[in-house]
Amino acid sequence: MLDIKQLRQDPDWAKAKLAARGVKPETIDDALALDEQRRRIIVQTEDLKAKRNAVSGEIAAKKRAKENADDQIAAMRAVGTEISALDQQLAEVEAKVTHILVRLPNFPADDVPMSMDEADAREEYKWGTPRTFDFTPKAHFELGEDLGILDFERAAKVSGSRFVYYKGAGARLERAVYNFFLDEHAKEGYTEMITPYLVNNDSMFGTGQFPKFTEDVYSITNDGEPLTLIPTAEVPLVNYYRVEIVPSEKLPVSFTALSPAFRSEAGSAGRDTRGLIRMHQFNKVEMVKFCKPEDSWTELKKLVHDAEDLLQKLGLPYHVITLAAGDASFTSAKTNDLEVWLPAQDRYREISSCSNCTDFQARRAQIRYRDDNGKPQFVHTLNGSGLAVGRAVAAILENYQNADGTVTIPEVLVPYMAGQTVIVPEG
């Protein structure tokens, strides 16, 4: 959540920053007008409370002197009624301010392309050279179905579209991929976590999914309390420290977790309807960091490096881009996407988004640390996919396919596959 002080101090700067994220200038004007009204009411209330205290003193003095204080008592009651009315008005105005603030996205960083168009993302660099095939490469879903390791048809029968059964070597490959990811992150100092897969509304608010994106999730009710299936392990990981002060000597804190991710994919009709790219349920290894504000941009570079390291060890070509402001997530100040090469699509596709959320989530979730003067300050939070497992499986199948329809296992995964080096048709 944004600090109203930032809007108040430089409205034109705030409008320019948020315009690239689709926020209309009048939204900022409305928030500031309400904030001005709120501050006026507070001043009025404080003046009346001071007057009430003075009158209370007069009443006490008159009673001690056994004098009539009826006029003062009547005046105090009138002041109390006025204060109550102002308190009610203040609550209403504050609710309106909060309604706007919780729906405003984070300010984009200065080096982010200031555009609403995803095509204006800036490519930073490439790694690896896409393989040249002497045959027409198949899409991962064709390979998976031909090998008998992916079954979309039966998954659709059981659950609907955008679900899959992994079978045999496919299931082993998925497990190999995420175990490899977790082991590599552990070497880099991440604490491995197993998180809840259902979270409450406060947690969804803390990481910025609620109230703006309620249509993108799956929710249930447990004993009358709404719970949401996590869209990413970022939610339970960030909320681990919600409403806490993290000891400054612990920072930076780095967590990693494997979890399923559940997404309704609202608005994605007709996009990636086949295969593992856009699923309602998929596995993802997540990375989350908490750090001091002065360290967050360095930590973002480390986060990107840790995601890149996995792709490099798997031998998968990719590039790194900086998303345009309007294409980054609601909470992000800057997002670097890693996009892996998919031969059948002849293009790069997202496999990781690494974001610095600055103090945006910490302000919503009230996650703080004490600075050198002992004063509580908001931490900065960062998150990144390390990596999206299904998309990694898709990239492996497509990049390591052979002319005879088999798939070679990347060398680093062979120990995780009990020595298996090639996937051949099941059965």
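Strands, in this report, are DSSP runs of at least two residues, numbered from the N terminus. The structure is a predicted model.

**Strand S10 and its partners**

Strand S10 covers residues 281–291, and Lys-289 lies in it. Of the 11 residues of S10, 9 are buried, so the strand is largely enclosed by the rest of the structure. S10 pairs with strand S9, residues 253–262, through 10 bridges, and these two strands run antiparallel. Across this pairing, Phe-282 in S10 is the bridge partner of Ala-261. Glu-286 in S10 stands opposite Ala-257.

S10 also pairs with strand S16, residues 380–388. This pairing is antiparallel as well and has 7 bridges. Here Glu-286 stands opposite Ser-385 in S16.

S9 is mostly covered, with 10 of its 10 residues buried. Besides its pairing with S10, S9 pairs with strand S4, residues 191–193, in the parallel sense over 3 bridges. Met-193 has Ala-257 in S9 as its bridge partner. The pairings are listed below.

| Strand pair | Sense | Bridges |
|---|---|---|
| S9 (253–262) and S10 | antiparallel | 10 |
| S10 and S16 (380–388) | antiparallel | 7 |
| S4 (191–193) and S9 | parallel | 3 |

**Lys-289**

Is Lys-289 buried or exposed? Its relative accessibility is 5%, and the cut-off for buried is under 20%, so Lys-289 counts as buried. The side chain of Lys-289 makes a polar contact of 3.1 Å with the side chain of Ser-254. Leaving aside neighbours within four places in sequence, the contacts of Lys-289 are Tyr-190, Val-253, Ser-254, Glu-299, Leu-303, His-380, Thr-381 and Leu-382.

**Aromatic residues**

The structure holds 13 aromatic pairs.

Trp-341 and Tyr-348 form another edge-to-face pair, with 5.0 Å centre to centre and 70° between the planes. Trp-341 and Tyr-348 are buried too.

Tyr-241 and Phe-290 also belong to one aromatic cluster, together with Tyr-240 and Phe-255. Elsewhere, a charge meets a ring: the charged end of Arg-364 sits over the ring of Phe-205, 4.2 Å from its centre.

Which residues of helix H2 (residues 11–19) are buried? They are Ala-14, Lys-15, Lys-17 and Leu-18. These residues cover an arc of only 165° around the axis, which means that they lie on the same side of H2. An α-helix has 3.6 residues a turn, so residues three or four places apart point the same way. The buried residues of H2 pack against helix H1 (4–9) and helix H3 (25–64).

In helix H5 (residues 140–147), the buried residues are His-140, Phe-141, Leu-143, Gly-144 and Leu-147. Their arc around the axis is only 160°, which places them on the same side of H5. Among the elements that cover the buried residues of H5 are strand S2 (150–151), helix H6 (152–158), helix H12 (389–399), strand S17 (407–408) and strand S18 (422–423). H5 is followed by Gly-148, whose phi is positive, near 75°.

**Ala-155 in helix H6**

Helix H6, part of the cover over H5, contains Ala-155. Ala-155 counts as buried because its relative accessibility is 3%. Not counting residues up to four places away in sequence, Ala-155 touches Gly-160, Phe-163, Val-164 and Tyr-165. How far apart are Ala-155 and Lys-63 in space? The two are 82 Å apart, C-alpha to C-alpha, and 92 residues apart in sequence.

Definitions and conventions
Residues numbered from 1 in each chain as written. Predicted model: local features only at pLDDT ≥ 70, side-chain atom pairs only at ≥ 80, totals over all residues. Heavy atoms only, no water. Helix = DSSP H or I, 4+ residues; strand = E, 2+ residues; numbered from the N terminus. Buried < 20%, exposed > 50% of the residue type's maximum accessible area, 1.4 Å probe, protein only. Polar contact = N/O pair within 3.5 Å; in protein donor to acceptor, adjacent residues only side chain to side chain. Contact = heavy atoms within 4.5 Å. Arc of directions from axis to C-beta. Pairing = 2+ DSSP bridges. Phe/Tyr/Trp six-rings, centres within 6.5 Å; stacked < 30°, edge-to-face > 60°. Lys NZ or Arg CZ within 6 Å of the ring centre and 35° of its normal.
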